[in-house]
Amino acid sequence: MEHKNKQFKNKTELAKKLGIKSRKTLYERAKKNNVDLDKLEFDEEELSYLSGKSRRPIETHGEQSKEHKETIDKHKEQSRYTKETQEIAELKAQLAGKDELIEELRKDKADLSKKLDENQQSLKSLLTQQQLLTLHNSVTEEQGEAVDGDLEETEQPTQEQEQTDKPKKHWWNIFS
C-alpha cells in the first residue's frame, strides 16, 4: 500500500483540514500516536491518527517511539548546547568586565605610586631646606656670639649659655 504525503503550511491549516478545533486536541493526538507536528508533511496513515479515526497499533508504536525519542533527545541536546553557549557568553562578559576593573586598578596604583614618589621628593627637599636653614641659623648665631665675645671680653659665659652652646657646636660638627 503506497502512502501519499500531504504538505501543510502550518499547524493551523492542518487542524482545519482535520476538523480539529482545539490546538490542545491536535497536540494530544500527535503525542499519543507519536506523530511529529513540526515536519508539516504527513502521510494518510498519520492524518488518520491525528484526525482520531484510528490509533497507531502497539507493535509499530515502539518503532515510532524510538524515532520520537531520538527527536526529543536531539531537541534536548540542542537546548542544552544553546544554554551552555549562553552561559559561556555571560561568563566571558563578566570576565571582560573584571579585566577592565583590574586595568583601572593598575592605573590607579601607578598614579598613587607616582604621587607618593613626588611627595617623598618634596619631603626630602623640605628636609634639606630645613637642615640648611638650621645650619645657617647656627652659623649666624655663632658669628653673632663671636662678635659679642670680642666686644665684651670681660664677660664670662654663664653655665646656661655653655649648655645651649654645646648642642649648637655639636650640631655644627656633624656637618663639618
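Q: A pocket is an open set of points on a 1 Å grid over the protein atoms alone, where a 1.4 Å probe fits and protein lies on both sides within 12 Å along at least five of seven lines, and its lining residues have an atom within 4 Å of a point. Which residues line the second largest pocket here?
A: First, this is a predicted model: local features need pLDDT of at least 70, side-chain atom pairs count only at pLDDT 80 or more, and totals for chains, interfaces and linings use all residues. Residues are numbered from 1 along each chain as its sequence is written, and side-chain values use heavy atoms, leaving out hydrogens and water. With that settled, the lining is made up of Lys11, Tyr27, Ala30, Lys31, Val35, Asp36, Leu37, Asp38, His68, Thr71, Ile72 and His75.

Q: Which helix gives the most to that lining?
A: Helices are DSSP runs of H or I with at least four residues, strands are E runs of at least two, and both are numbered from the N terminus. Two elements give two or more residues to the second largest pocket, helix 2 (23-32) and helix 4 (58-151). With four residues, the top contributor is helix 4.

Q: How many charged residues does the lining of the second largest pocket have?
A: Asp, Glu, Lys and Arg count as charged; Ala, Val, Leu, Ile, Met, Phe, Trp, Tyr, Cys and Pro are nonpolar, and the others, Gly among them, are polar. On that count the lining has five nonpolar and three polar residues, and the charged ones number four.

Q: What pattern does the protein chain follow along its sequence?
A: The chain has five helices and two strands. Read in order, they run β-α-α-β-α-α-α.

Q: What share of the protein chain's residues counts as buried?
A: Buried means under 20% relative accessible area, using a 1.4 Å probe and protein chains only. Helix 3 (residues 44-51) has some of these residues, namely Glu46, Leu47, Tyr49, Leu50 and Ser51. Over the 176 residues of the chain, the share is 14%.

Q: Which residue caps the N-terminal end of helix 2?
A: Look for a polar contact, a pair of N or O atoms within 3.5 Å, one able to donate a hydrogen and the other to accept it, where residues adjacent in sequence count only if both atoms are side-chain atoms. A side-chain oxygen sits 3.2 Å from the backbone nitrogen of lysine 24, and the residue it belongs to is serine 22.

Q: What is the relative accessible area of leucine 40?
A: Leucine 40 lies in the loop between helix 2 and strand 2. Its phi is positive, about 60 degrees, although it is not a glycine. Leucine 40 is buried, and its relative accessible area is 17%.

Key. Buried < 20%, exposed > 50% of the residue type's maximum accessible area, 1.4 Å probe, protein only.
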